[in-house]
Amino acid sequence: MTELSTQTVTGEEVRLDEKSEGSVGGSVASSPLPLSVEDERKLDRAIRWKRDLVIVPITGVLYTLLFLDRTNIANARSLGIGSPDGLEMSLRLPSNGFNAALWIFYIPFVLAEVPANLILNLSNIRPGFFLGGQMFILGILGMCQGFVTNYSGLLTIRFLLGIFEASLPAGATYLISMYYTKREAAVRFAWFFNFALAGPLFSGLLAYAIQNINGAGGYQGWRWIFIIEGLMTCFIAPFVIWLCPNLPQQAQPWFLTTQERDRLTDVLESSRGLETKGSAADAVPVWKILVDWRIHLLTMCFFCCDVTASSISSFSPTILTELGFVSTVAQLMTMPVWASGITATFLITWLTSRLNLRTPFLLFAICLQLIGWSIMVAYVPSAGVRYAALFFMAMGTFPQMAILMGWLSANLRGHKQLAVGMAWQVGFGNCANFVSSNVFITTQRPRYPTGFATGLAFTLLGFVLTSAAFGLFALKNRRREQVRAGMTDEQRERYDELYFKFVY
């Protein structure tokens, strides 16, 4: 966490940099007792450390466990694939049963994201209770997957999991967006996603270890995956309830002192503009936010890269098993794939934040994806080459997800816009799971021509959409400067409250 805190620009630098972009209408509120430059730096450093040591670990661990509970069904399936004691044969799943168990989760998950974030934005419910309480319920439901006895029971539990997980990733990303400036957010989203990637990485190791307790207590090994990981989620939930801070303006005294809270509010206002109730950004109606082109365009970019992410999480253990590795070894073989995604995410997002550039790194990451999917579509005979393709896909996909979330967050202003925008991107972006869960057709294994061709097509579409987003943001900035050129200083100040400079 040291690197996370030390690499970030100071609050003073953020203010100077982002005010130079003309994105802030007014000046930062001055403290009753002006601080020296050195005292300001010390205060900013203390605030940064507190945020990085509380916000990032809490949201990261939360997302790790959510991602674990969401994707462990892939490990459970591969642990006994083709065996009478395996998940599919034990529960008598039809040929498309596993696919259905994947996509049924995302129906309530997608529909509940935006309403849940709007509820969180009202500040009537403390984020700790809102997120931690649902996390506890999610853990119980996760365990219940280990006790189901038939196909319909599995579908029911998966549907309920989607309901109670819906608000958690969107709520966590909203919390990060509210606590960090535009330039700070990219690296924090990278940490957030890398915590998530640690979930399936750990799940593969756990699935390998669980083979030794197959039959313990009368339960098959795949059931123990659900039971143990669900218990872990229940255990962590009370800590989230206890330690998760409120939104910045209502931050608890144990987390931020009054001086720190006021200072953070000023720095965030310098970065993001005035977002308090009654501001121009707050007055934008929800229906206008719901049709905002920025949200939908970057959500579609997220959707395209998430087709690859969901394919890796749901089918990589199965694909590795069909490459010739025994199921237990296949669990371990997924771990380096996830580790490569984590490493690439750290490196690429650090460069993104350092250089304050997004589009070039996104396009580079998409090219890595294209290499991976092309190898899969060509169905290169060597199992080692096809295994390497998974690395290209992981290293290209997961950095994109962190950068795209930070990109959308940086180009929105106002609590409502952030609440709706982040929820929409996470929720509807995850509709990619409907695609990935239905294109890997069991009867087409091991070549999966439909699944691999679909992944390649959406990756190409992502390249086009990312390029289009870059072009539109650049065009809007030029038009903005043309409009501002004919205004007085007072008019520019009012104009900049709502029409700010986009970043790309």
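Is Cys304 buried or exposed? Select Cys304 and see. Cys304 is buried, because its relative accessible area is 2%, and buried means under 20%. Keep in mind throughout that this is a predicted model.

**Stop 1: the cysteines**

A disulfide needs the two sulfur atoms within 2.5 Å. By this rule the structure has zero disulfides. Now select Cys431. Cys431 is buried too, at 17% relative accessible area.

**Stop 2: the whole chain**

Zoom out and switch to cartoon. You will find 20 helices and zero strands. The chain has 504 residues, and 60% of them count as buried. Show the surface next. The accessible area is about 18600 Å², and carbon and sulfur atoms account for 67% of that.

**Stop 3: a nonpolar patch**

Keep the surface on. Select Ile107, Leu111, Phe159 and Ile163. Together they make a nonpolar patch of about 330 Å². Two helices, H5 (97-121) and H7 (151-165), each supply at least two of the patch residues. Click on Ile107, which belongs to helix H5. Ile107 is partly exposed, with 32% relative accessibility.

**Stop 4**

Hide the surface and colour the aromatic residues. There are 21 aromatic pairs in the structure. Select Tyr63 and Phe192. Their ring centres are 4.6 Å apart and their planes are at 0 degrees, so this pair is stacked. Tyr63 is in helix H3 (residues 37-79) and Phe192 is in helix H9 (residues 182-210), so the pair ties together parts 129 residues apart in sequence. Tyr63 and Phe192 are both buried.

Next, select Trp293, Trp407, Phe473 and Phe502. Ring pairs link these four residues into a cluster.

**Stop 5: salt bridges**

Show charged side chains. The structure holds seven salt bridges. Which residue does Glu260 meet in a salt bridge? Its partner is Lys50, at 2.8 Å from N to O. This pair links distant parts of the chain, with Glu260 in helix H11 and Lys50 in helix H3, 210 residues apart. Glu260 is buried, at 8% relative accessible area. Lys50 is partly exposed, at 27%.

Move to Arg294 and Asp292. They form a salt bridge, and their closest N and O atoms are 2.5 Å apart. Arg294 counts as buried, at 9% relative accessibility. Asp292 also counts as buried, at 11%.

Then select Glu481 and Arg480. Their side chains meet in a salt bridge of 2.8 Å, N to O. Arg480 is buried, with 4% relative accessibility. Glu481 is partly exposed, with 38% relative accessible area. For a network, select Glu40, Asp44 and Arg263. Salt bridges with shared partners join these three residues.

**Stop 6: two backbone angles**

Most residues other than glycine have a negative phi. Two residues here are worth a click.

Select Asn356. Its phi is positive, about 55 degrees, although Asn356 is not a glycine. Asn356 sits in the loop between helix H14 (327-355) and helix H15 (359-378). It is partly exposed, with a relative accessible area of 22%.

Now go to Tyr379. Its phi is near 50 degrees, again a positive value in a residue other than glycine. Tyr379 lies in the loop between H15 and helix H16 (383-410). Is Tyr379 buried or exposed? Tyr379 counts as buried, at 17% relative accessibility.

**Stop 7**

Select Ser95, in the loop between helix H4 (87-90) and H5. Ser95 is exposed, with a relative accessible area of 56%. The C-alpha atoms of Ser95 and Thr443 are 8.0 Å apart, although 348 residues separate the two along the chain.

Finish at Pro285, in the loop between helix H11 (258-272) and helix H12 (286-290). Pro285 is partly exposed, at 28% relative accessible area.

Definitions and conventions. Residues are numbered from 1 along each chain as its sequence is written. This is a predicted model: local features need pLDDT of at least 70, side-chain atom pairs count only at pLDDT 80 or more; totals for chains, interfaces and linings use all residues. Side-chain values use heavy atoms; hydrogens and water are left out. Helices (H or I, at least four residues) and strands (E, at least two) are DSSP runs, numbered from the N terminus. Buried means under 20% relative accessible area, exposed over 50%, partly exposed in between (1.4 Å probe, protein chains only). Accessible areas come from the Shrake-Rupley method with a 1.4 Å probe; for residues, only the protein chains shown count as cover. Patches are made of residues with over 30% relative accessible area and no salt bridge: like charges are joined within 9 Å, nonpolar side chains (Val, Leu, Ile, Met, Phe, Trp, Tyr) within 5 Å. A salt bridge is a side-chain nitrogen of Lys or Arg within 4 Å of a carboxyl oxygen of Asp or Glu. Rings of Phe, Tyr and Trp (its six-membered ring) pair if their centres lie within 6.5 Å; planes under 30 degrees apart count as stacked, over 60 as edge-to-face and the rest as tilted.
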